[in-house]
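Please look over the sequence and the model below before reading on. The paragraphs after them are meant to be read with the structure in view.

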Amino acid sequence: MTETMIRISGVSKRFGPIAAVDGIDLEVRRGEVVGFLGPNGAGKTTTMRMLSGLLAPSEGTIAVAGVDVLENPVEARAKIGFLPENPPIYGEMTVREYLDYLATLRRVPRAKLTQSVNRAMERCGLTGVANRLLRNLSKGFKQRAGIAQAIVHAPDVVVLDEPTVGLDPIQIREIRALIRELGGEHSVLLSTHILPEVRMTCQRVAVIHQGRIVADDTLDALEKRAHGRSIHFARWRNLPSPEALRMVPGVADIHPRDEGWLIGALPEFDPVPELLRLSVSEGWDLRELTPAGGSLEEIFLQLTTREERPEEGEETTP
Amino acid sequence: MRAIVTIAVREVRGLFHSPLAWTLLAVLFAICAYMFNAGVLSYQIQMVEYQAYGMRGGLPLTERTIAPMLGNAAILMLLLMPLISMRLIAEEKRQGTWPALASSPLSPMTIVLGKYLGLLLFLAIAIGLLAIPPLTLYPFGNPDTGQFLAGLLGLFLTAAAFGAVGLAASSATENPNVAAVISFGVLLMLWILSWMGNASGGQVDKMLAYFSLMNHYQNFLMGVVSSADLIYFVLLSASGLLFARQRLMAERIQG
């Protein structure tokens with residue numbers, strides 16, 4: 001289970017003078033689901049397009065299931081299934097025709113065609129709409145058809161670019177369950193900027209920022225990196241001054257957000273009891289005190305806001 | 001090979017799922033049938049006049065009815081083929097289906113050949129339709145079958161070359177309309193090169209005349225199938241396909 005299915009080493013992609021991807025390394029092992037995080041424009045899509053053979057890297061090497069995408073592009077593509085940001089749907093085809101078509105192009109033997117297509121439809125919950133025109137299906141079904149075409153030829157590697165964008169909450173839950181299921185059989189690289197999605201689907205996370213990988217670790221390890229560093233959101237009727245809050249033992253930093261404060265603690269400190277005590281004794285009149293964001297969000301913010309801090313109070317995740 | 005045929009079949013089916021293909025076939029057939037009819041009527045009048053002068057024998061039937069129709073059909077193709085070929089690659093990019101094709105284990109040449117084969121299948125259907133009006137001559141006259149078939153072959157090769165140029169244009173842009181304009185412009189230039197070529201007898205003019213599509217097609221209409229003309233059309237088509245392939249490869253590198 002430790003065979004490397006995706007190996008990206010020293011890969012850069014330049015568009016003219018701009019480096020969209022700047023010397024990244026990334027490995028995904030067999031059966032792993034890896035979340036590929038990063039703000040918009042960080043280089044996620046470019047990386048995925050290079051991996052899927054739509055773009056050639058300017059520098060570095062990419063191997064899919066051991067096949068180099070530059071030396072042997074056609075063979076490498078046989079081992080990959082790709083769902084781009086917008087599902088690549090032929091509106092005038094039925095779901096079954098569509099999957100038949102792409103499975104044939106991806107070398108599924110004629111004898112196994114029906115079986116492969118049926119299985120992909122089953123896994124993506126498309127069996128009921130097999131004979132409907134794709135054009136007439138809802139966004140959720142189109143998205144599922146897009147995922148089905150990425151797995152219909154049972155590729156070693158599945159690359160999904162923001163698979164849950166634009167879906168309703170029920171569809172999102174179904175798609176996430178499907179992605180979790182895909183791991184184990186396929187290796188999955190999943191780009192998203194929805195952090196809870198990562199928590200629900202991925203074992204490992206790679207964070208890309210300004211074309212560089214700034215973190216690549218398991219979720220647990222990344223969270224340990226936060227090392228008990230708790231963050232709370234607090235709101236008072238009589239807002240205390242930042243100075244007063246900084247005086248509280250264990251408080252490391254504070255940011256204003258939504259008429260309250262985000263309060264980050266020093267490692268292994270818990271400022272909550274003291275905050276509560278002060279709220280009462282100083283008459284700040286506490287309205288809300290909640291653990292904020294989750295540590296993953298905090299890690300993400302730390303990793304991706306090193307160079308330029310976001311505007312105060314800006315939400316970086318939807 | 002299986003992939004080429006698969007792409008071609010989908011292409012033809014996609015064409016017939018859109019009203020465009022049906023409309024084009026209807027317009028092409030209606031206009032050609034009308035022109036053929038007009039040709040036959042004027043042939044009748046000419047025959048009557050011819051015989052009234054006491055001339056013996058007859059006028060060449062095929063040359064005066066079938067050949068003019070096929071000649072005009074080529075001009076219609078010049079107008080219509082860009083509309084069919086413009087979608088081949090540009091439409092996939094615009095619709096966002098291109099990544100599904102480009103991430104499949106297909107070489108750029110396989111994609112180009114599949115698309116082109118699909119276009120040729122459509123063309124075969126169109127030319128099959130255009131063969132119907134001349135066939136109605138057979139019960140009443142004695143058309144020159146050789147010349148007729150040479151004309152059909154010439155029309156097929158000419159339109160196929162139009163399609164290859166259109167495919168090249170379609171690979172160069174994401175906008176089908178732009179592709180249509182480019183291919184129409186290029187084809188019209190190739191068609192009318194002979195105007196300039198015939199103007200005088202210089203070396204440059206001769207060369208221009210050689211590159212003119214019209215001159216090569218004329219030979220087929222006269223019933224002459226020469227290897228020089230065949231090579232011309234094959235080379236023109238191959239250039240279009242190779243250009244498209246180069247474009248697809250360059251796109252991977254440039255992004």
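This is a predicted model: local features need pLDDT of at least 70, side-chain atom pairs count only at pLDDT 80 or more; totals for chains, interfaces and linings use all residues.

Chain A has a mean pLDDT of 84, and 89% of its residues reach 70 or more. Among the elements of chain A, the highest mean, 96, belongs to helix α3 (residues 95-105) of chain A, and the lowest, 66, to helix α11 (residues 295-304) of chain A. In residues 306-318 of chain A the pLDDT is below 50, and this stretch has 14 contacts in the model beyond near neighbours in sequence.

Now consider the chain as a whole. Chain A has 318 residues, of which 43% count as buried. Its elements are 11 helices and 14 strands. Among the contacts in chain A with a separation of 6 or more, 69% are between residues 24 or more positions apart. The domain assignment divides chain A into domain 1 (4-222) and domain 2 (227-304). The centres of domain 1 of chain A and domain 2 of chain A, taken over C-alpha atoms, are separated by 39 Å.

The next topic is the interior. In soluble globular proteins, nonpolar side chains tend to be buried together. In this model the largest nonpolar core has 138 residues, and Leu99(A) and Ala148(A) have the most contacts inside it. Helix α8 (residues 145-171) of chain B gives the largest share of this core, 14 residues. A second, separate core has nine residues, among them Ile231(A), Ala234(A), Leu245(A) and Val251(A). What does Leu99(A) touch, not counting residues up to four places away in sequence? The list is Val117(A), Ala120(A), Met121(A), Ala148(A), Gln149(A) and Val152(A).

Leu126(A) lies in the loop between α4 (113-123) and α5 (139-151) of chain A. Is Leu126(A) buried or exposed? A residue counts as buried if 20 or more other C-beta atoms lie within 10 Å of its own. Leu126(A) is buried because 23 other C-beta atoms lie within 10 Å. Leaving aside neighbours within four places in sequence, Leu126(A) is in contact with Val95(A), Met121(A), Phe141(A), Arg144(A), Ala145(A) and Ala148(A). The C-alpha atoms of Leu126(A) and Thr94(A) are 11 Å apart, while 32 residues separate the two along the chain.

Chain A also meets chain B. Here 25 residues of chain A are in contact with 19 residues of chain B. On the side of chain A that touches chain B, α2 (73-78), β6 (80-83) and α3 of chain A each supply at least two residues. The residues of that side are 15 nonpolar, five polar and five charged.

The strands come next. Strand β1 (residues 4-15) of chain A pairs with strand β4 (residues 59-64) of chain A in the antiparallel sense, over five bridges. In this region Ser9(A) stands opposite Thr61(A) in β4(A). β4(A) also pairs with strand β5 (residues 67-68) of chain A, again antiparallel, over two bridges, and Asp68(A) in β5(A) is the bridge partner of Ala63(A). β4(A) and β5(A) form a hairpin with two residues between them, and Ala65(A) in the turn has a positive phi of about 50°.

Another hairpin is made by β12(A) and β13(A), with two residues between the strands. Strand β12 (residues 251-257) of chain A and strand β13 (residues 260-265) of chain A run antiparallel and are joined by six bridges. Val251(A), opposite Ala265(A) in β13(A), is also one of the residues of the second core. Asp258(A) in this hairpin takes a positive phi near 45°.

Most residues other than glycine have a negative phi. Glu162(A) is in the loop between β7 (157-161) and α6 (169-182) of chain A, while Asp285(A) is in the loop between α10 (272-281) and β14 (286-291) of chain A.

Definitions and conventions:
Residues are numbered from 1 along each chain as its sequence is written. Chains are lettered from A and ligands numbered from 1 in the order in which they are written. Domain bounds come from an automatic or database domain assignment. A nonpolar core is a set of buried Ala, Val, Leu, Ile, Met, Phe, Trp, Tyr and Cys residues joined through C-beta atoms within 7 Å. A residue is buried if 20 or more other C-beta atoms lie within 10 Å of its own, exposed if 12 or fewer, and partly exposed in between; C-beta atoms are placed from the backbone. Helices (H or I, at least four residues) and strands (E, at least two) are DSSP runs, numbered from the N terminus. Two residues are in contact if their C-beta atoms, placed from the backbone, lie within 7 Å. pLDDT is the predictor's confidence in each residue, from 0 to 100. Ala, Val, Leu, Ile, Met, Phe, Trp, Tyr, Cys and Pro count as nonpolar, Asp, Glu, Lys and Arg as charged, and the others, Gly among them, as polar. Two strands pair if DSSP finds at least two bridges between them.
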